[in-house]
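Below are my notes on the two-chain model you sent, arranged as numbered points. I take the contact between the chains first and then turn to a single residue.

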Amino acid sequence: MKETKKTYWKGLEQLSNDPGYVKHADSEFTELPSALNEDGTASRRDFLKLMGFSLAAASLAACETPVRKAIPYVNKPIDINPSIPNYYASTFSSGGDYAAVVVKTREGRPIKIDGNELSPITKGKVNALVEASVLSLYDKQRLVGPMISGAASDWEKVDAQVKASLASAGAIKIVTNTLLSPSTEKVLQEFSAAFGGAEVVAYDAISNFGIHKASELFYGQGIIPSYHFDKAKTIVSFGADFLGTWISPIEFAGAYAKTRKITKEKPEMSKHFQFESNLSLTGANADYRTPIKVSQSGLAVLALYNALATKAGLATVSASKVEVAHLDQAANELWNSKGASLVISGSNDPHVQVIIHAINELLGNNGATVDFSNPVYYRKGNDTRMDQFITELKSGSVGGVIFYNCNPVYDHPRGADIAAVIAKAKLSIATNGTLDETSSLVQIVAPDHHFLESWNDFQPKKGQYSLSQPTISPLFNTRQAQDSFLTWAGSTTSYFDYLQAQWNSTLFPTWGTGLSFQEFWDRSLFNGVLSTTSEPSIVAPVGNVTAAAAEVSKSYQASNAGAELVVYAKVGIGNGTFANNPWLQEMPDPITKATWDNYLTVSQKWASENGVTMVEENTKKATLTVNGKSIQVPILVQPGQAYDTFGLALGYGRTKAGKVANGVGVNAYDLLTSAKGFVSYELTSKVEVAVTEESYKIARTQTHQTFMARENVIQEATLAEYKKDASAGRYKPEIYKDGEFVKPSKISLWNGHKYSQHHWGLAIDMNSCIGCGACTVACQVENNVAVVGKQEVLNRREMAWIRIDRYYSSDAAADDLSGLEIAAENPEVTFQPMMCQQCNNAPCETVCPVAATTHSSEGLNQMTYNRCIGTRYCANNCPYKVRRFNWFKYHDNKDFAGVNITQNDDLGKMVLNPDVTVRVRGVMEKCSMCVQRIQAGKLTAKREKRTLVDGEINVACAVACPTDALVFGDMNDPSSKVSKLLKIEESDDASKQVGEERAYHVLEEINVSPNVWYFTKIRNKEKNEA
Amino acid sequence: MERDTHFILGVYVDEDVLLHAVEKVRGSGVKIHEVYSPYPVHGLEHALGYKRSKLPIAAFLFGMLGTSLALTMQFYMMKFDWPMIIGGKNYAAFPDFVPVSFEMTVLLAAFGMVGVFLITSNLKPWAQPRIFDVRSTDDKHIMAIDLANNTSLKEDKIKSILTSSGATEVNRKSFE
Amino acid sequence: MQGTSSVRQPLVTGGKTYHDVTHDVSRQVEGKPSKLWYMAFLTAASVLALGSIALLTTLWEGIGTWGLNKTVGWAWDITNFVWWVGIGHAGTLISAVLLLFRQKWRTSINRAAEAMTIFAVICAAMFPVIHMGRPWLGAYWALPLPNTYGSLWVNFNSPLLWDVFAISTYFSVSLVFWYIGLIPDFATIRDRATGLRRKIYGALSFGWDGAAKTWMRYESVSLILAGLATPLVLSVHTIVSFDFATSVIPGWHTTIFPPYFVAGAIFSGFAMVLTLMIITRKVYKLEDYITIGHIELMNIVIIITGSIVGIAYITEFFIAWYSGVDAEQYAFINRATGPYWWAYWSMMTCNVISPQLFWIKKIRTSIVATFLLSLVVNIGMWFERFVIIVTSLHRDYLPSSWAMFYPSWADVGVYLFTFGVFFTFFFLFAKFFPVINMAEVKSVLKSTSEKAHK
């Protein structure tokens, strides 16, 4: 990496890249390689010394354990100032998932990943997975150097052996997930050129090959179009969880939210229909959700096509009739919003996708909401080709196979086959960074850098480019995979030079005038993203609907007696690549609120028929049999689940992921088939579920499902009502006092305090909160929140500072209290992010005997950890139950070392945020509204002798939120976004008067006067309709 | 004692007899040193002409001290020394100060009074009392008459007065 | 002074003389303890040892060893705390209030009752400390001590801090009250003893000589102490009830708590006194001093307080309905019909229904029935505190946080530990201290016993 230092980007404030500093930076790092030896730990320690940082001093400052000495800089690198963070634009990409990010580093350690606002695709937003990915850099599972047949080796040996055997191996295949990087593709081309046409076989753990194939059939080119949800007035989705996991959820969620935000000025929102079997995150946000058996979905699509075709006066296709509620309504709505509507399907069946294409074509959405001229390049995996490859491997016709950062043995339906026959290949190499299910089976492991250590470029969409750059010197003796390929191909150029050369030859020329390449490069690297304009290619339908319709009719049926299994991906764990990340494991599933497990979701009807009842966390296990394969899996009763359909999540049942993930849940990939040439996630035949007597506990952070019709908690209305009355659905408690009814805030013994400087507040729009949980992980990363593991979650002791309460509606009458505890069969779902409400009349403060929690002069409810004696009185007296207690010592405690790795093993500790203390045993903690960020912002403003600018301080949850549901700001500043949003009357009183009719306080009647406001949930539907 | 002290002891078994005896003995000009009883005999203090105890006043004063200490402490700590915004209340939220003030009133009143009692009555672990007759803590009332204070009367005279007043036995006890 | 009444049956039966009183009581202290005593004491001590395992585990591992969670932050710890405090109150009431009312029958039981108070309060006071996350700091940080944190003071708005003052005051005043009463009796024992025991009891008796002047002061001291202790005992349980009454949690936020808690305290306290006295009188053959009359009178107190408590329970429900506050109404419906219905109904049966049996004279005057019912009442009162604390917390405002509480072995163990402490202390007291206030009994002997001095 030495050469690379010269252009190693050193953060935003270092835009002018003077050579003097480069020299310094260089000399700072020259000793580095010598410090790296085979022993990972030692090298890391030395590396840390070079970086002059000791984590212990910072993170354990508050503990009563003796503070270990920090090692001062020998000579300080110019760009690294202790306690001053640096930010590097970079890119997250894994198996076709993509996000443009900004990496925050402290004293040279990446500690936080936020979105890159310059990106036109992800628009500065991330999801839980991306937030958490920073921890994978510090994963003890990572390989510390190359390996040959299971034994540690060095790169010289590896290169020698690889080169030797590649020459004689014969047919070479490079197996990879979707490649988003043009330069990497180029490298692989060179590589294959060097070895007589080594072939690249791309597959994806979660395949969208169906859409590819469909586009090929229907438009003549195998592409996935861009979807513009923000332009859609009507959205119809057949089982596509586009807010959670489908293709590009971050991008889609942001766009979708635009259509859900409503104001008095613009009382319009999109209408969203969802037809699905499992209750997905997307379904939970739909206005109309119809549970259907997945075996019907194809026919439902056809029915929709026919309905629209009739309207359009076109020929209908023959399809057996299927009864699906709200389908006709959907058709009408779609028709009425032609050109501004969007129909999608989560099916991986090309023929269904053809019909979907046809419908969008028919609605004139092509070019409007569905953009084929700017296709996306995620999920380019080819299931058919992958199948072939496995067959070839079996037949022994594959001489050499290189797994490029992919793990098919685990995450491909035929992984078992691969594992069985991989030995048949003369040469097998993996570049995976850890010794996972696949790389543990190959002869040579040439571990790649972590993406935070490596250079790369990406083209997620046509004309959209982004770069990733190292934010830390390699922790271990790993080598960037592209460098490996180049070396093996006999090239001597480093991948970094190669990359620059690529950009110089391809992108720089299109960029036009004014800049030297260096300037162009620096700028692109600084921005992290680059957009080029390309002439739109016209795509016109060539395929034929009738053929596809016939295919669909064959594989779907109007009524299927048998059980059906729908395999899905969880928002947190996704395809399981990052399963070894405790943050993701403990992140409650947005719908089920379950952690540390996957499980079989069953409908309430089925549960009662089979005598399964879930009391709190207790449930039974079931035997799930698919095509003869049987597994034992716990049952989770899921309101909204279509009757006789069952859901099972991917990404669990890892065997070689690491101590966190190994043995958690069951592996659903084993149950999938790719028989028809594409991986099918819908198993509609040969599925049997039998309840066993074995009882089991599923750790859920929320065990009560409904909100008991409590208007003081959830306030909602329909769009029609809202149009009539902006305060529709609002519950305005009034208390009788001296002959009149007054607002609770009017009744007090005290005059209250004034906040003369700032008054921090948070506005939460329940309409745009989709419940994805990105905020919860962001908070966990930012605030060093401990992970406590399954048992402690079972004990109801998770530590999350922000949680998302998920409430189901109930069919029971408002006074039927026991009935209200049971969720409706197909409930309306409401998400309510809940964190410390920073009450101005905080009940917690009054009761603390030692004044460990008091109020700041800026409206913050502050927790003084080192004063806390842990009576827990504050938590008991908190009406919102947002306070969290350190029941045990979670840091440096072997009992928690297995799960709470960020506070237990020396490598994991490097991710801790030095600005936030790690809490000791026996103290209370809670959301601080990221007070460390507020202080940092105020200091910056002070240093620059200016007043704060709205938006320069933002809380971690709001930054992460892909839908901007949370808005943070100074309520004393009339120009701030939050003030405008809430229409706050200007005053420095503690309890502010808001003019926004939708805004309300949860539990207003107890007048604790929170600084967090919620906006009523508005549904675009008629009342009394599920 | 620098000089020997000699006492005449009248032993009584019945408290009513004792009460009359005390009046009788005092009536006949004998100065009673003290009467020792196994339990409080009501009216004895009047018979002996003791003034009412001042302990109640002590208790009251100490109580007042407690109240004022408590209030001063709470106002000083909460409002002046380190004011903090707590639950949106005023720095000095008076109603909240009442319980502690009450408790400290009681505490100081009780301890102050008991302290005074122990001191005035010379009660302390290392105190060496003069025991005239061990039965005085069991079932007998002992009337002690200090000869030094009754020089005007003959010893036998005193003895006969005691006997006639109902003493079941009359003894002489000297301390070196 | 009051004259002898022939109608009232004597408080002390068996025609005891003054000397008999001295002898009967003192011999327990002087003689070798009986087998029965050894058995009782060893049982108590072993319970103590057993419980201390749980206590040490808690202190070493953390409060996580208990069954508490994010929703239910208090359960057995504070339940036990309130329960013990309540029990303690009877002692003070018997000696102080009955003294003010010049109830002579108190004299033979007040000593043991006060002792019970002291030990109960010790047990109670342990919980606020060990239930803390960081007891090693909390134990003194909860006091308004000058400190190095720029003299960061305590928070006088917190009911928990009021507790600190209330409990410590209550404990020390009760202790003084009790000890003052002991001084004359120690003197009695001193005068019967020789050698080392004489020295020890000599020191304990503070050189008491029974002079009329001292008796006079003694009398007014105990009268004033009684006058102070009476409002004190009421204030203590009032303040304890403030822990809940001043909060915002439905089911806690209830203005009726102070009187309701005080009544409950007397109720449970008298029950506990009965339990102990019935044992003591048996073990020490003090049937002539603690007579059926005493027991009957205490049972009457139990009927009354039990009924008050019952009315309080009903009133709570009425007010919850009348308030029209949904959360409040739910809290109470949930008590009776929710997941913890069994706790609620055990409370109702033990506290409201069973004491009504005492209306029947036969039961009221039966030792066995009284003993059993006194236990039932104490169980019921434990459940009352459990119901108030846990069922209110486990389902409060936001249904998303609703949870259950399951006690761990450590919860049970720590409770056991306090029993160990209580009974170990009590049996030590019963051996080395005069269990009956001899001086006071003597002072009422004449008016009640015909052949007082023979």
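How many residue pairs are in polar contact between chain A and chain B, taking pairs with both at pLDDT 80 or more?

1. The model is a predicted one, and with both residues required to be at pLDDT 80 or more, the count between chain A and chain B is four residue pairs in polar contact. Salt bridges between chain A and chain B number zero.

2. On the side of chain A that touches chain B, helix 28 (843-847) and strand 33 (853-855) of chain A each supply at least two residues. By residue class, that side of chain A divides into four nonpolar residues, nine polar and one charged.

3. As to extent, the contact draws 14 residues from chain A and 11 residues from chain B, and the two chains bury about 1100 Å² between them, with 64% of this area on carbon and sulfur atoms. Of the area that chain A buries against chain B, 55% is supplied by W750(A), H753(A) and T846(A), which is more than any other three residues supply.

4. Is D644(A) buried or exposed? Its relative accessible area is 13%, and because buried means under 20%, D644(A) counts as buried.

5. Leaving aside residues up to four places away in sequence, D644(A) touches K293(A), S603(A) and W606(A), together with A561(A), G562(A), A563(A) and E564(A).

How values were computed: Residues are numbered from 1 along each chain as its sequence is written. Chains are lettered from A and ligands numbered from 1 in the order in which they are written. This is a predicted model: local features need pLDDT of at least 70, side-chain atom pairs count only at pLDDT 80 or more; totals for chains, interfaces and linings use all residues. Side-chain values use heavy atoms; hydrogens and water are left out. Contact means heavy atoms within 4.5 Å. Buried area is the accessible area (1.4 Å probe) that two parts lose on being put together, summed over both. A salt bridge is a side-chain nitrogen of Lys or Arg within 4 Å of a carboxyl oxygen of Asp or Glu. A polar contact is a pair of N or O atoms within 3.5 Å; within protein, one must be able to donate a hydrogen and the other to accept it, and residues adjacent in sequence count only if both atoms are side-chain atoms. Helices (H or I, at least four residues) and strands (E, at least two) are DSSP runs, numbered from the N terminus. Ala, Val, Leu, Ile, Met, Phe, Trp, Tyr, Cys and Pro count as nonpolar, Asp, Glu, Lys and Arg as charged, and the others, Gly among them, as polar. Buried means under 20% relative accessible area, exposed over 50%, partly exposed in between (1.4 Å probe, protein chains only).
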